[in-house]
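Dear colleague,

Please find the structure below, together with its sequence.

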Amino acid sequence: MRKKLNTKHLAIMALMVAISIILARWLVFYITPASRINLGNIPVMLAGLLLGPVAGLLTGVVSDLLGAFMSGYGLLPPITIGAALFGLIPALLKKPLLGKTVSLWRVGIVIFVTDIVASLLWNTPWLAMWQGVDYWVMLVSKIPVVLGLAVAETLVIYYLYKPLNRALKR
């Protein structure tokens, strides 16, 4: 089923972008210069799950671009692609994995796959190259952070998805 973006969807996307920026740029804890704990991907993944792949992708891109400019970080286009993946992958996995039955473990699979692909497999090599850090050192340091975040993201998304989905259908 193809979802068209309407005014309501654009307003929800803008809200998700704002929430993502707040969670990613201001409510953040740095473990190492390359590893940080934030929940900024939750609104992006929710946008993909609730509004479809295009909305998820756009929410991720706009969140990353605006967040980078607002916080003074340099813009690294491959990382922006990673942000887009956080919105796109859940939307693409929704139908085959969630189907009509939304359970905690199914949401968990969607979130874990998304975090592994977008964060560990896509973003880590680019961050390692950008920061001049050995890839394997960065990967090993990011694995526990990403897995821990995936658990937290799974719980939050699981408990928000159903009520938000119902509200959108009104």
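Patches here are made of residues with over 30% relative accessible area and no salt bridge, where like charges are joined within 9 Å and nonpolar side chains (Val, Leu, Ile, Met, Phe, Trp, Tyr) within 5 Å. Accessible areas come from the Shrake-Rupley method with a 1.4 Å probe, and for residues only the protein chains shown count as cover. A salt bridge is a side-chain nitrogen of Lys or Arg within 4 Å of a carboxyl oxygen of Asp or Glu; Lys and Arg count as positive and Asp and Glu as negative, while His and the chain ends are not counted. The place of a charge is taken as NZ of Lys, CZ of Arg, CG of Asp or CD of Glu.

Please bear in mind that this is a predicted model, in which local features need pLDDT of at least 70 and side-chain atom pairs count only at pLDDT 80 or more, whereas totals for chains, interfaces and linings use all residues. Residues are numbered from 1 along each chain as its sequence is written, and side-chain values use heavy atoms, with hydrogens and water left out.

With those terms in place, Lys-8, Lys-162, Arg-166 and Arg-170 form a positive surface patch. Of these, Lys-8 lies in helix α1, residues 7-26 (helices are DSSP runs of H or I of at least four residues, strands are runs of E of at least two, and both are numbered from the N terminus). Lys-8 is partly exposed, at a relative accessible area of 38% (buried means under 20%, exposed over 50%, and partly exposed in between, with a 1.4 Å probe and protein chains only).

There is also a nonpolar surface patch of about 650 Å², made by Trp-105, Ile-109, Val-113, Ile-116, Val-117, Leu-121, Ile-143 and Leu-147. The elements giving two or more residues to this patch are α5 and α6 (135-169), and α5 gives the most, with six residues. Ile-109, which lies in helix α5, is partly exposed at 32% relative accessibility.

Helix α5 (residues 104-131) also holds Ser-119, which counts as buried at 10% relative accessibility. Asp-115, likewise placed in helix α5, is buried yet has no salt bridge, and the nearest side chain of opposite charge, Lys-142, is 9.5 Å away. Leaving aside neighbours within four places in sequence, Asp-115 is in contact (heavy atoms within 4.5 Å) with Met-45, Phe-86, Leu-120, Val-146, Leu-149, Ala-150 and Glu-153.

With best wishes
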